[in-house]
Amino acid sequence: MCGIKSHPDDFELEVMVLGSHLIDDYGNTFRLIEQDGFEIGSKLHTIVRGEDEAAMVESVGLALVKLPDVLQRLHPDILVVHGDRFDALALATAAALMNIRILHVEGGEVSGTIDDSIRHAISKLAHYHACCTPRAEQYLIAMCEDHSRILLAGCPSYDKLLSTYHKDNYMDVIKSWLGDTVQKHDYIVALQHPVTTDIQHSIKIYGLMLDALLSFNKKTLILFPNIDAGSKEMVRVMRKKGIEQHPNFRAVKHIPFEQFIQLVCHAGCMIGNSSCGVREAGAFGTAVVNLGTRQTGRETGENVIHVRDADTHNKIYHALELQFGKRYPCGKIYGDGNAVTRILKFLRTIDLDEPLQKTFCFPPVKDSFSQDIDHILETQSALAVDLGGTNLRVAIVCMKGKILKKYTQPNPKTFEDRMQLILKMCFEAMWEAVRLNCRILGVGVSTGGRVNPQEGVVLHSTKLIQEWSTIDLRTPISDAMHLPVWVDNDGNCAALAEKKFGHGKGVENFVTIITGTGIGGGIIHHSELVHGSTFCAAELGHIMVSLEGPECSCGSRGCIEAYASGMALQREAKRLHDEDLLKVEGMDMKLSEPVTAAHLITAASLGNPKADAILNKACTALGVGIINILHIVNPSLVILSGVLASYYQNPVQHIVHGRALLSAQSIKVVTSDLEDPALLGAASMVLDYTTRRTY
């Protein structure tokens, strides 16, 4: 507060006082704040008396009721919350819910009682942290707090106490509180608070401490316990033992900070369970006897002896004997006196325009394994559906890309028959999946034509699949199977298959081209499948390579598909056969056998110049089309898939080397190793969410 107030050009300080500062029994300490020159802008009476657990809860609730009005009026940029008191928890809760940035001071430490939970809860609500020790910093990081928002500052109170404790008037302070006959290092400071998680035991320890102090027979300055639940009972124990009237004791409710530091610094020993004993006292080398579990886990110096199981007053008495009058090396575990300077510098760096939403830095974790026996025994799998021009195929595909079972049926001609057969085959596969111990996660559908994968709708199909336009595939399959369904174009599915299971695994930018009955494919760019604005990206078969070429199935002319597809080669083979120009010596061809593209390839391999010319033109058309793709999207790899891929690979690679720009000539053209890319791609939409776009 002093640091902020001393820099009015950078900060505007607003002071809010609540809790026990405003209670007469606890010294009305708000007056000390005013005496230090601070103007208190808001005073909130939030303490419900009773000093028990219910009163603590009611006090937090009362604070939460009163705080919103004040915070709304002040509208602070940053709220500084200190420590681990229940009042601070109420303040942090209100600020977090009102979208006010919170700087938590002294978070990340470990101690006993409910304060531990409160401190960590405030840390989780806070956006920024100023901690005291390297260990506290590491604990905050372990609690998944953002390292960039944690400042290792030291304890701000050390700035005050390190400049205060060596004042020359310390004897005047000692005598004013303990009498003229008391000498330095010859008195005890006692401060014991309730342990709210074990109130009865803490009351018992308090009584034992008082008995030990009575027996030890040294001047003792004893402070009343704080306002936590159980304090009222502890005060009753004190009065029952006559501590307030005993000549060796001076019982007080509050001592100003600077004077209290002098008293602790020059005491022969400090006893109790206050954090002051394990934190501030170490800076002076004052011997400390720490009782019970309230400070369990706190970092302490060698000046502290712990009596955690304080079950007899003799044990406490012996600890006093060991510690009283000893001086230890001064420790600086909690600070070096420069915390305020660091915190002010940290506050100046906070960008008030950055997003307020808090983010946590979770450590990487291994995938959890279900302990449910069904999950242990079952293999996570997908149902893959491939709607081809001739056949309808359904397969069970496991996570590793292995096809465990495949069903094939001729593709019906009508929409109703086709849908009925798809569902029938899917249900058969589901029953088989149970037998194979496979857990089906969803259904992936690969089909020809233009597909809207976001809606699961086939917009326009190819001529190979009739009555298949503006068809919602997702809804009927999902409704019948009670499983999520993904739908995409067969070329896109082939690209997804290569990305998950084939040559495209780990490659950010590549193109897959299907060379089968038709020509299709898919483009992976920055590890994402490219669909285009109207879902017709990667219609690679319809890249035009000639203005006056043969007619294509799409209605245009000169497309790659019109030259290099299986249908185009079959058409040319039939033409040669009809002209009796196909068959050559050494070629075995039955009269009843239908003419296919394979016959054209065989004839060319046996030296048929007409067949060879047709295939050279097909290779050139495909190669030029691929060069166009390289010059547009610049992939690092081209994968040829389909029945003609192995034939086209070397000629296409040769054409790329000879005709592409120098920067694209080194791009490899490889042949797919996958047997069923359409099925595997359909399955990959289900099995791997990273291959999906917006579904």
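## A buried aromatic pair

Tyr 128 and Phe 346 are both buried, meaning under 20% relative accessible area with a 1.4 Å probe and protein chains only; over 50% is exposed, and partly exposed lies in between. This is a predicted model: local features need pLDDT of at least 70, side-chain atom pairs count only at pLDDT 80 or more, and totals for chains, interfaces and linings use all residues. Residues are numbered from 1 along each chain as its sequence is written, and side-chain values use heavy atoms, without hydrogens and water.

## Other aromatic contacts

The structure holds five aromatic pairs. Rings of Phe, Tyr and Trp (its six-membered ring) pair if their centres lie within 6.5 Å; planes under 30 degrees apart are stacked, over 60 edge-to-face, the rest tilted. One of the pairs is Tyr 647 with Tyr 648, edge-to-face, at 5.7 Å centre to centre and 65° between the planes. Tyr 647 is partly exposed, at 27% relative accessible area. Tyr 648 is buried, at 0%.

Phe 216, Tyr 317 and Phe 324 make up one aromatic cluster.

## Overall shape

The chain has a radius of gyration of 41 Å, whereas a compact globule of 695 residues would be near 26 Å. That radius is taken over C-alpha atoms, and the globule rule is 2.2 Å times the number of residues to the power 0.38. The C-alpha atoms fill a box of roughly 130 × 55 × 45 Å along the principal axes. Of the 695 residues, 52% count as buried.
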